[in-house]
Amino acid sequence: MKKTLQAVISGTGVAVPSEVLDNDFFASYLDTSDEWITARSGIKQRFRASSEESTATLSKLAAEQAMAEAGITAADLDLIIVGTVTPDTSCPSAACWLQAELGADNVPSMDLNAACSGMAYALTQAAIFIGSGLYRNILVIGADCLSKITNYKDRGTCVLFGDAAAAAVLTATDDPSRGLLFHKLGADGKGAGYITVPAGGSRMPASQETVENDLHYVQMRGREVFKFAVSKFDELLECTIRETGIKAEDLALVVPHQSNLRIIRSAQKKLGLPDEKIIVNIDRYGNTSAASVGIALHEARESGRISVGDLVMLVTFGAGLTWAVLLFRM
């Protein structure tokens, strides 16, 4: 097993827009229903950002909550990492907009794009920085406003996604038993076309034609993505148990990416996890991409489902294709 990276989660926060879209909203103009959406995804509602809300504005609210809980201010931050596929602008980064809003003067700030795995990738990077002794307090954000890149005429995608931001402060600890015990990140670019926003980048710059053909919206090959997620979820759970020597019953909680309830339940059944050892909130948020595991982690901490000393596993997978599994001793 790899050396423990002595970085603990000292604070978390969540922010969502005020507008809630339930399944009846989509049933009012699409050929769908609450029953159809719920049966195929487990989603009952999701949040949608207004024209005044963005990845950075939501991130600021989540960050302030996380820093307050961690007992630090912006002046104590050594680094800001934002995992997102929907930065406020393609240049500069959402992290730089956020840094200015927080008043974290001169703090190095950057975005990380690993889609739904973004927060897990960012947490790993932060733990490595802290483990190196270079930094002590790092603000990690997972945030996306997927409604900004969603085609609300596409039944296959629009019912799935929601907007949100999640934040976590990672802090150095002197306790060698606590921190990031194990991590495994991966990607398979051969599956890049499974979930993609075709236009707007250097491959296909914005033009009148790309706008007219809705190429700035997310496109997804749902069946292939579902198969990938089910197999990868099982693989990551089994890999962590095998390489760390822990048992499923040792885990206080598994925090999975909330992409589809059927994917979560399939992995839960295979591993034999009781309901109290896995957190599910997809019904209330939908798929919030990079924010997903951060929201679930925050809710688990707030509700007392995890506490200091507990073993907690985060599992994510998303566009790229990317995946990650993290095992923390809280």
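Visitor: Where does Val85 lie?
Guide: In this predicted model, Val85 lies in the loop that runs between strand E4, residues 79–83, and helix H4, residues 94–102.

Visitor: Is Val85 buried, exposed or partly exposed, and why?
Guide: Val85 counts as partly exposed because its relative accessible area is 27%, while buried would need under 20% and exposed over 50%.

Visitor: And which residues is Val85 in contact with, leaving aside neighbours within four places in sequence?
Guide: With those neighbours set aside, Val85 is in contact with Asn113, Ala115, Asp144, Leu146 and Ser289.

Visitor: Switching to the sheet, in what order do the strands come?
Guide: The open sheet has 5 strands in the order E1-E7-E6-E4-E5, with mixed pairing, and the twist from one strand to the next averages 20°.

Visitor: Which strands stand at the edges?
Guide: Those are E1 (7–15) and E5 (109–112), and each has a single partner strand, so one side of each is left without a neighbour in the sheet.

Visitor: How many bridges join E1 to E7?
Guide: There are 8 bridges between E1 and E7 (residues 163–172), and the two strands run antiparallel, with Thr12 standing opposite Ala168 in E7.

Visitor: What lies across E1, E6 and E7?
Guide: Helix H3, residues 55–70, lies across these strands and runs at about 135° to E1, while helix H11, residues 292–302, packs on the sheet and touches E1 and E7.

Visitor: Now H8 and H9: at what angle do their axes cross?
Guide: The axes of H8 (residues 222–244) and H9 (residues 261–271) cross at roughly 35° and come within 9 Å, and the crossing is right-handed.

Visitor: How do the residues of that contact divide?
Guide: The contact of H8 with H9 has 10 nonpolar, 1 polar and 4 charged residues, including Phe226 and Leu237 in H8 and Ile263 and Lys270 in H9.

How values were computed: Residues numbered from 1 in each chain as written. Predicted model: local features only at pLDDT ≥ 70, side-chain atom pairs only at ≥ 80, totals over all residues. Heavy atoms only, no water. Helix = DSSP H or I, 4+ residues; strand = E, 2+ residues; numbered from the N terminus. Buried < 20%, exposed > 50% of the residue type's maximum accessible area, 1.4 Å probe, protein only. Contact = heavy atoms within 4.5 Å. Axes fitted to C-alpha atoms, helices over the stretch in contact; angles between N-to-C directions. Left-handed = near helix turned anticlockwise from the far one by under 90°. Nonpolar A, V, L, I, M, F, W, Y, C, P; charged D, E, K, R; others polar. Pairing = 2+ DSSP bridges.
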